[in-house]
Structures are given as structure tokens and as C-alpha cells.
Amino acid sequence: MIRHPLTRAAGAATLTALVLLLAPCSAVADNDDPTAPPGTTTTSPPPEVDSNSPGLKLADGATLAPAKVLDVKSVVEDLGGEERREDTNTDVKFALQAEVLFPKNSSKLNPEANARIKAIAEEAKAQKATDVRVFGFTDDLGSYSHGKKLSRERAEAVHDQMSKFLGPEVTYSVRGYSEDYPIADNGSEEGRKKNRRVEVSFPRGASGTGSDSGTSG
């Protein structure tokens, strides 16, 4: 029997689709946003909406679409770009450029770093944060393994300083991500400078500005 080329092509396409459906897929841990480190985004449940509420005026036969939460982000950055704050419905995040915290290629905090870290700690304390994330990042220069080690050591240095202000009741998630999760283009020094950073984040507290989750490690 002679098979038409289109028949063979259709069969191959069907087989390919079947393989794709059966093949294992990798999941993005903690988070649906691959540009953000795991654990740094949270999702609020959608509000309950009564479709029979007299305040809703729907055309005959119309129905409500499923409710969903739109996360509104506010970003404030100082003029030099040294410090950046992001506020969403659920989280508060501070990003400090490595240059304002450490000497080049070092994880030893400089004298000016203390005041910046203390200010962030005061924000977390005011919001009664019991869990805080401290994540380190580098640019893409040098080896990945070196960036992993340096970013982790810098995150640990910031954690050690913050813990002096926040006390023992706070738990931390401390990680180094090397060049992963850049927030700017590594093709320019300006972009690399933004990517060399330590981020401190925590979920927003009841009073309106912050609290978080994590565990040391």
C-alpha cells in the first residue's frame, strides 16, 4: 500500500504531540515568574463576588468572569540607583547595589553599609516581620561558581548585620544566585552594576508595609 506523504506527515505530527504530552516537564518552584527568585512572589486569593448582588448590573444572559487579583507594583529608586524599593499587594523588597555595601570582589561590609541595613531592618521591625529573605546576586563577569560563592557570602553578611537589629525571633532565607535573575542588561557596566546587588524582602504586614517568610540556608 502506498501512503501519501501528507498522511505520513500527519502521523508524525500526531506522534510528536503525543510524546510532548507524555514527556516530563520541569516545574518552576514556588513561583510562576521565571525572572524572580523562588519564594519572592506570593499570590493572594481572589475575592468572593456574589453574582446576584443588587449592586451588579449585568445584561440579560451575561455572567461574571472569574475573579482575579491584579498585583500593583510601586517602584522607588534613589537618584544614583544605589537603593531600590518595590512594593506590591503582598510584598516589600529592597535592592541594594553591591558597591554601596562592599569593596570590589569582597563580602566584607563597608562602614556606610550599616546605616542602610539598619533602615531596612527598622522597616521590617515596624511591620512585625518574622521571616525575611536575603538574596545575593552578581553580574555575568567571572565564573558562575565564583559568583555563586560571592553572592552567598554577601547575603550572609547582610543577614548577620540585620539579625543584630531584628533579634532572634526572626527567621531568614539566605541564598546566593550568582548571575541568575538579572534585573538589567549585563551588556553594559551600568546594567552590571544594577545586577550586583543584595535583595531583602518580606511579605507585607497588617499595618501596610511588610513581613516575610524563609528559613536560614
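**A pocket, a core and a run of strands**

In this predicted model, 16 residues line the second largest pocket, and K104, N105, D139, L150 and R196 are the ones nearest its centre. The space in this pocket comes to about 330 Å³. Sorted by class, its lining is made up of six charged, five polar and five nonpolar residues. Helix α3 supplies the largest share of that lining, with four residues.

In soluble globular proteins, nonpolar side chains tend to be buried together. Here the largest nonpolar core has 27 residues, and those touching the most other members are L101, V132, V134, V158, M162, L166 and Y172. Two or more residues of this core come from each of the helices α2 (113-126) and α3 (144-166) and from each of the strands β3 (91-97), β4 (131-137), β5 (171-176) and β6 (197-203). The most come from α3, which gives six.

Once neighbours within four places in sequence are set aside, M162 is in contact with I117, I120, A121, Y172 and V200. Y172, like M162, is listed with the core members that touch the most others.

The strands can be followed from β1. Strand β1 (residues 74-77) pairs with strand β2 (residues 83-87) in the antiparallel sense, over four bridges. In this pairing V75 stands opposite E86 of β2. Strand β2 in turn runs antiparallel to β3, with five bridges joining them. Here E83 stands opposite L96 in β3. The link from β2 to β3 is a hairpin through three residues.

Technical notes. Residues are numbered from 1 along each chain as its sequence is written. This is a predicted model: local features need pLDDT of at least 70, side-chain atom pairs count only at pLDDT 80 or more; totals for chains, interfaces and linings use all residues. Side-chain values use heavy atoms; hydrogens and water are left out. A nonpolar core is a set of buried Ala, Val, Leu, Ile, Met, Phe, Trp, Tyr and Cys residues joined through side-chain atoms within 4.5 Å. Buried means under 20% relative accessible area, exposed over 50%, partly exposed in between (1.4 Å probe, protein chains only). Contact means heavy atoms within 4.5 Å. Two strands pair if DSSP finds at least two bridges between them. On a 1 Å grid over the protein atoms alone, a cavity is a set of points where a 1.4 Å probe fits but cannot get out, and a pocket is an open set with protein on both sides within 12 Å along at least five of seven lines; lining residues have an atom within 4 Å of a point. Grid points are joined across faces, edges and corners, and a volume is the space filled by probe spheres set on the points. Ala, Val, Leu, Ile, Met, Phe, Trp, Tyr, Cys and Pro count as nonpolar, Asp, Glu, Lys and Arg as charged, and the others, Gly among them, as polar.
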